[in-house]
Amino acid sequence: MSTAAAEHPHEPGKAREAFRAITRDVSWVAEAPKPHKLWLVALAISVLAFGWGIYSIYILVTRGIGVWGNSNTVAWAWDITNFVWWIGIGHAGTLISAVLYLTRQTWRVSINRAAEAMTIFAVMAAGLFPLLHTGRPWFAWWMIPLPNDMGSIWPQFRSPLMWDVFAVTTYLTTSVLFWYMGLVPDLATFRDRCAAQGKTVKAIIYGVLSLGWRGSARHWHRYERAYLILAGLATPLVFSVHSVVSFDFATSQLPGWHTTIFPPYFVAGAIYSGFAMVMTLLIPLRYLFNLQHIIKQEHIRAMCRVMMGTGMMVTFAYFTEFFIAWYSGNPFEQFTFLNRCFGPFWWVWWFMMFWGNACVPQFFWSKWIKNNNVVIWILCIFVNIGMWGERFAIIGVSLSRSFLPSNWSYYSPTRYDVGVFVGTIGMFLMLFLLFFRYAPVIAMSEVKGASPEAHAGGPSIGGHH
Amino acid sequence: MSTSDETTTSNGNGDGELYGLLAEFDTPGELVTAARKVHDAGYTEFDCFSPFPVHGIDTAMGVKRTILPLVIFGGGFVGALSGLALQYYCNAFAWTWNISGKPTWSIPANIPIAYELAILLAVLTSFFGMWAANKLPQVWHPFFRLERFGRVTDDGFFLGIQAGDQRFDADKTKQLLVDAGAIAVDPCYLEADPVRKQMPKWITGFIVASTAFALIPFAIAAKARNSHSSEPHIHIFPDMDFQPKYKSDTAMDMFSDDRANRGEIAGTVARGWLEEDDTFYRGLDNGAWTTGFPKQYPDGTPFVVDDKLLKRGQQRFNIYCTPCHGYDGHGQGMVPTRVAAGGGNWQARNLVEPQSVVVTMPNGQLFNTISNGFNTMLGYAAQIPHADRWAIVAYVRALQRAQNATLDDVPADKRSAIQ
């Protein structure tokens with residue numbers, strides 16, 4: 001029996017009140033008996049879109065990729081465009097969780113959990129496209145170096161397409177482990193709350209998932225080390241993944257693909273589009289779940305600034321591409337870029353690339369816009385569309401006008417192209433909405449650790465690193 | 001259940017020996033101060049618990065720096081090496097596939113995968129290594145029995161000292177914690193009843209049963225690899241490997257002759273296969289070998305013996321006839337030459353010497369010989385189309401004339417040049 005408590009009555013201080021408030025406000029999202037109506041509507045729409053995607057994939061797999069608009073000329077079309085777009089979106093999550101961690105940007109703690117979840121779902125959506133693009137996805141295991149009875153045939157490791165396989169699977173594995181590791185202390189919070197509220201089944205589920213985490217300082221010591229190292233590993237990984245994706249194009253001979261600027265250009269675009277997607281998701285959800293005091297306006301403003309920076313890098317890359325095309329004196333290269341602006345897909349360049357990626361970031365100079373979430377959200381939608389357009393302009397438009405005019409053709413998608421793409425958007429939103437309802441959407445332990453109250457109570461704290 | 005159980009459940013504590021003392025502190029700062037005091041007092045078997053990593057607590061507790069980074073470096077190093085080894089084995093050793101003449105082993109092209117595998121193994125090492133070093137998952141811990149400890153993941157800051165510590169003394173240790181600023185100190189007892197200390201039987205049963213079930217697919221795979229079966233493979237995606245159709249010369253019980261092939265119907269000729277022109281197709285003229293040439297081709301074009309026809313005949317003759325009969329038609333082709341070189345004696349027909357039966361043979365018979373063969377010569381009907389056979393006939397006639405030419409054959413104005 002406890003006696004010390006009675007001997008030393010002590011009112012809990014303000015610091016504990018602040019920590020409790022964080023736990024309560026974040027747990028409320030998962031504990032609220034009824035979800036918000038808008039959440040249900042959004043979930044229903046995304047499930048419908050996902051269903052349409054499953055139907056399209058069923059038709060695609062049973063009939064073959066002839067149901068897509070891909071042709072001999074435009075052999076890589078929406079499928080690879082979507083792959084690159086989704087992978088790029090995923091990169092913002094890793095950037096927020098790893099790169100901003102290494103650079104000690106404490107504002108990341110309010111958004112990193114959601115951004116990491118977004119990364120995982122985006123990479124899942126991305127991985128689907130090359131798999132379906134193979135036409136016979138049940139042979140995808142041929143890309144794994146497994147001993148086999150086909151005369152010892154092995155994958156061709158000198159191909160950028162194999163590099164892709166390794167980069168994307170490593171990226172997915174790392175993202176999942178990084179995300180899960182961050183989740184464990186918060187799952188333990190959910191476990192203890194459920195146990196205290198008498199929800200035994202939930203407590204057991206969260207208990208198993210949280211691996212018996214008990215907040216031990218000796219555990220935290222290794223945990224923080226491992227987290228720092230994982231962040232350090234994820235940072236070169238995130239840059240390598242989109243660089244490897246860009247090698248798929250850069251190592252080929254096609255004008256518009258064959259350029260050394262691609263790795264940094266793709267990475268900047270990935271971060272730009274990823275931040276746009278983070279804001280697209282979080283701006284409405286922070287209202288829906290009353291998280292404005294945790295995901296603060298200053299965090300939105302910081303993300304706007306990141307978008308402004310990366311958006312201008314992308315703009316600079318566009319300028320460089322045009323300059324090099326002119327400066328190289330290569331007529332094929334010059335034609336490719338004139339065709340991008342004035343060819344049959346001129347609208348992709350002007351309405352998607354030029355407007356979405358070169359003009360939109362300039363709006364974020366304005367303080368008024370950075371505080372106006374509706375405008376930011378609309379601009380982010382333009383960026384999402386714009387970055388998709390950039391990937392299509394690079395992949396589809398370049399292919400449709402290659403060296404030989406006799407090869408030229410136009411590309412138009414079929415309903416199955418649209419169906420699979422919309423289906424992955426549905427899957428992504430569905431998973432994200434479910435995540436937002438049933439998991440700790442904000443890294444509670446990190447928010448507590450980053451709050452001013454984390455240093456309360458001891459004069460000795462300031463002296464330590 | 002005994003009465004002692006009821007009392008233990010009320011405060012969430014066991015009734016056995018003392019596991020340790022758990023002190024609660026109000027702020028992270030006070031926890032650090034207390035941790036330093038406990039450490040300075042010489043305790044080693046103690047730990048702090050907090051909802052987030054408290055800064056400065058490692059040094060206060062005297063926690064040694066973990067060697068995890070070194071282990072992770074090892075993992076990454078092994079990943080890079082195994083990535084290179086994998087690529088060397090696959091592409092430069094086991095399956096050296098020539099791709100545009102590029103080297104099978106080229107470091108620049110092998111770097112991306114070695115790089116990704118280095119990161120992958122380092123990531124796996126840091127994730128699993130961290131949990132292993134922390135001895136997690138361990139869903140059970142004595143402190144979990146204390147209701148107060150449930151707040152460790154919310155707003156509670158705790159310091160627990162184990163009774164197993166050399167310096168542990170129930171009263172003195174408690175006083176130390178109270179002096180250090182604890183707002184509460186709870187003793188934590190283990191279970192006395194050995195049955196309750198063990199894992200419930202149904203959990204053990206569940207783990208054993210699920211493990212056994214999980215092994216079934218592996219057992220099936222192992223059996224399949226080591227036994228023979230007369231059943232065909234299961235084709236999940238048949239890929240048109242099996243189609244409901246009959247191939248040539250297979251059995252089929254639907255027809256009376258049990259054959260899948262259907263022969264020609266008596267009295268019918270397939271389109272384009274009538275071959276009614278006796279001269280062109282068979283070299284006959286009213287039942288006898290023709291001495292001339294066909295009047296026309298099957299498509300109605302007139303048959304003209306001209307330079308073009310002879311050139312065509314020469315080209316076909318040089319391909320099909322010269323191996324035995326030789327370029328000049330004297331029967332000294334490569335085949336008889338090689339037979340002679342091997343010590344044998346075999347002569348092909350001399351097509352051009354005046355005594356040769358070929359010279360006097362009617363064109364139709366010559367055509368028939370090319371088509372169907374004669375003595376050891378096989379027929380060439382399968383290789384040479386009818387029109388080309390006639391071209392060869394014309395060329396053989398030209399050869400015969402050329403090989404037996406006299407001065408009279410040379411135009412009068414050229415005779416002086418060769419005399």
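Is Asn290(A) buried, partly exposed or exposed? Asn290(A) is partly exposed, at 43% relative accessibility. The cut-offs are under 20% relative accessible area for buried and over 50% for exposed, with partly exposed in between (1.4 Å probe, protein chains only).

## Basis

This is a predicted model: local features need pLDDT of at least 70, side-chain atom pairs count only at pLDDT 80 or more, and totals for chains, interfaces and linings use all residues. Residues are numbered from 1 along each chain as its sequence is written, chains are lettered from A in the order in which they are written, and side-chain values use heavy atoms, without hydrogens and water.

## The interface of chains A and B

On the chain B side, 90 residues are in contact with 77 residues of chain A. Contact means heavy atoms within 4.5 Å. The two chains bury about 7300 Å² between them. Carbon and sulfur atoms carry 64% of that area. Buried area is the accessible area (1.4 Å probe) that two parts lose on being put together, summed over both.

Polar links cross the interface too. There are 27 residue pairs in polar contact between chain B and chain A, both residues at pLDDT 80 or more. A polar contact is a pair of N or O atoms within 3.5 Å; within protein, one must be able to donate a hydrogen and the other to accept it, and residues adjacent in sequence count only if both atoms are side-chain atoms. The rule also finds four salt bridges across the interface. That rule asks for a side-chain nitrogen of Lys or Arg within 4 Å of a carboxyl oxygen of Asp or Glu. Arg16(A) forms a salt bridge with Glu24(B), with the closest N and O atoms 2.7 Å apart.

## Elements on the chain B side

Several elements of chain B give two or more residues to the side that touches chain A, including strand S1 (18–25), helix H4 (68–94) and helix H5 (107–133). H5(B) supplies the largest share, 17 residues. Helices (H or I, at least four residues) and strands (E, at least two) are DSSP runs, numbered from the N terminus.

## Backbone exceptions

Most residues other than glycine have a negative phi, and most peptide bonds are trans. Asn290(A) has a positive phi near 55 degrees. Its loop runs between helix H9 (262–288) and helix H10 (297–328) of chain A.

Asn375(B) also has a positive phi, about 50 degrees. Asn375(B) sits in the loop between strand S7 (373–374) and strand S8 (377–378) of chain B. Asn375(B) is exposed, at 67% relative accessible area.

Leu136(B) and Pro137(B) are joined by a cis peptide bond, with omega about 0 degrees. Pro137(B) lies in the loop between H5 and strand S3 (157–162) of chain B.
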